[in-house]
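Colleague: I would like to learn how to read a few features of a model. Please give the general idea, then the case at hand.

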Amino acid sequence: MGLIIAVALSVLRVLLMIARPRTLVLGNIPNSTIYRSIDQYPTAEHVPGILILQLEAPIYFANSNYLRERLSRWITDEEERIKSSGETSLQYIILDLSGVSSIDSSGISMLKEIKKSIERKGFKLVLANPKSEVIKKLNKSNFIEAIGHEWIYLTVGEAVTACNFVLQTWKPSPVAAAELDSAVNNV
């Protein structure tokens, strides 16, 4: 009887972890290009103007609504944190997809909605470390074209470096940023 209860609880826990995957805010470990959870590593620092979020599960129909709400909440919380601390305004949202082993059409729709929501606020969505299966599905759905090939990176460190380069060399208005994106996509 105890074994049946243990197996049932384990299955329930796995289902819960899949339906409500962990999302983490990542920060930079000082003097390195390593990015880790701000909650787990107290020395990890927020990167000015950039919010780095890590997803730790496949994205599919059972968790896409949860992830949409969770990502939106993280962005809102970060905006409030920045306003209260007087830091550099948020410009980029980097999604670390290293923990996302697969994605379905519901997950792709969720990413499209998140992208639209982020762009309405004047931010840019950047993807880091997507697995090959995820890239194939995003490419098939034309999401990669929508986001721009230049905004997909192999590591979080590369994504942060690119975002920092743009932040330090050019501070556009949201309209100018949209014009730059369309000009880059036309080249």
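Colleague: Which residues in α2 meet which residues in α3?

Modeller: This is a predicted model, in which local features need pLDDT of at least 70, side-chain atom pairs count only at pLDDT 80 or more, and totals for chains, interfaces and linings use all residues. Residues are numbered from 1 along each chain as its sequence is written, and side-chain values use heavy atoms, with hydrogens and water left out. Helices (H or I, at least four residues) and strands (E, at least two) are DSSP runs, numbered from the N terminus. In α2, S64, L67, R68, L71, S72 and I75 meet S106, G107, M110, E113, I114 and I118 of α3; contact means heavy atoms within 4.5 Å. The residues of this contact are six nonpolar, four polar and two charged. Here Ala, Val, Leu, Ile, Met, Phe, Trp, Tyr, Cys and Pro count as nonpolar, Asp, Glu, Lys and Arg as charged, and the others, Gly among them, as polar.

Colleague: How are two packed helices described?

Modeller: By the angle between their axes and the distance between the axes. Axes are lines fitted to C-alpha atoms, for helices over the stretch in contact, and angles run from 0 to 180 degrees between N-to-C directions. The axes of α2 (residues 64–85) and α3 (residues 105–120) come within 9 Å and cross at roughly 20°. The two helices are therefore roughly parallel, a term for angles under 35 degrees.

Colleague: Which residues have the most contacts inside the largest nonpolar core?

Modeller: A nonpolar core is a set of buried Ala, Val, Leu, Ile, Met, Phe, Trp, Tyr and Cys residues joined through side-chain atoms within 4.5 Å. The largest has 53 residues, and I50, I52, I93, I94, L127 and L138 have the most contacts inside it. Helix α6 (residues 156–169) gives the largest share of this core, seven residues. Leaving aside residues up to four places away in sequence, I52 touches several others, including L24, Y35, I94 and V160.

Technical notes. Angles under 35 degrees count as roughly parallel, over 145 as roughly antiparallel, 65 to 115 as roughly perpendicular and the rest as oblique. Buried means under 20% relative accessible area, exposed over 50%, partly exposed in between (1.4 Å probe, protein chains only).
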